[in-house]
Amino acid sequence: MLNLNSSDSNINSNSNSLSDPVSLNVGGEIYTTTLDTLTRYRDSMLGAMFTGQISTLRDKRGNVFIDRDGKVFRYILNFLRSSSLDLPDGFSEMRLLRREADFFQIRPLLDEIQRHVEAGALSLRNAPRRALLLVDVDCQVRVLHFNLRRAPENYELRTCSVCILTAEIFCTWRTFLVLLCERFSYRTTQGLTSPNPSDQRYNRLKLEWVPRPDELPQDQYEKQRYRGLIISDSWATQTHFGDLCDAIIPRRSPCEVKDMHRFLEELLTVSLAEGFRVDSVTPDSMDVLNCHTLQLVR
């Protein structure tokens, strides 16, 4: 737990008395590093924090506490150590990493992230000559009963229908699943989160979301722990036929996926741009947007 009872003078003295090694508690993840690493870019937020320009907090174990995402901070710390952005294969948290780098105001890291994204887009041209994409979609309509508060001790029983939308995706080209995870995000009470492909042995991705009906209040929607699906505004790849490479362009504003039609439209936009073509549609081959199963090949 944080020691929030420290006076300002204690906090400032803590900043000025830091010495190697420095232990950090970043969103619950513990890291140990050096002052030289943390102050490598002195005009960054970390540089200001660890040169005493900005006060710091400590948890009860004496670790410097930073209330940011702890999982991607490891990649920020590694960059500060080596000036190299080393990410694992299939990394799908680029949007979150970019947001954290922007918060810490580490300009060289932001530049490296953009180069990495561009290189990733270009590497899609080295995709396998053949790939199979299978998509099964489903919509389950359920009746939800909830109490609507009209006044203190005055509740009204309400009913509405909610649509539980599910898309199960299999692709022999795993990089394409990672691309989908960059394109779509879940909207939750904690903000936007990226979906993740399943175990690498299976090359599968499952998306499940519930659009909020107009008659369902936001607090009741959150109480049911529903989550929406968003077409994110992260960088996206678009193939320009006749060009030698793909271009990175800013996407439009985030857009909510309110029905399966919208999801299939976006999925087709992404897959066709990456060289897939529709191979079969079930049940009606002439009605792609109302399909239950969609098969594409490249």
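Helix H9 lies across strands E7, E10 and E13, running at about 35° to E10. Contact here means heavy atoms within 4.5 Å, and helices (H or I, at least four residues) and strands (E, at least two) are DSSP runs numbered from the N terminus. Axes are lines fitted to C-alpha atoms, for helices over the stretch in contact, with angles from 0 to 180 degrees between N-to-C directions. The model is a predicted one, in which local features need pLDDT of at least 70, side-chain atom pairs count only at pLDDT 80 or more, and totals for chains, interfaces and linings use all residues. Residues are numbered from 1 along each chain as its sequence is written, and side-chain values use heavy atoms, leaving out hydrogens and water.

Let me turn to the sheet. Its 4 strands form an open sheet in the order E8-E7-E10-E13, with antiparallel pairing; two strands pair if DSSP finds at least two bridges between them. Strands E8 (191-193) and E13 (255-256) are at the edges, each with a single partner strand, so one side of each has no neighbour in the sheet. Within the sheet, E7 (residues 184-188) and E10 (residues 228-231) pair in the antiparallel sense over 4 bridges, and Tyr 186 has Leu 229 of E10 as its bridge partner.

Next, the helix pair. H7 (residues 174-183) packs with H9 (residues 260-273) at an angle of about 135°, the axes being 11 Å apart. On the H7 side, the contact is made by Phe 176, Leu 179, Leu 180 and Arg 183, and on the H9 side by Glu 266, Leu 267, Val 270 and Ser 271.
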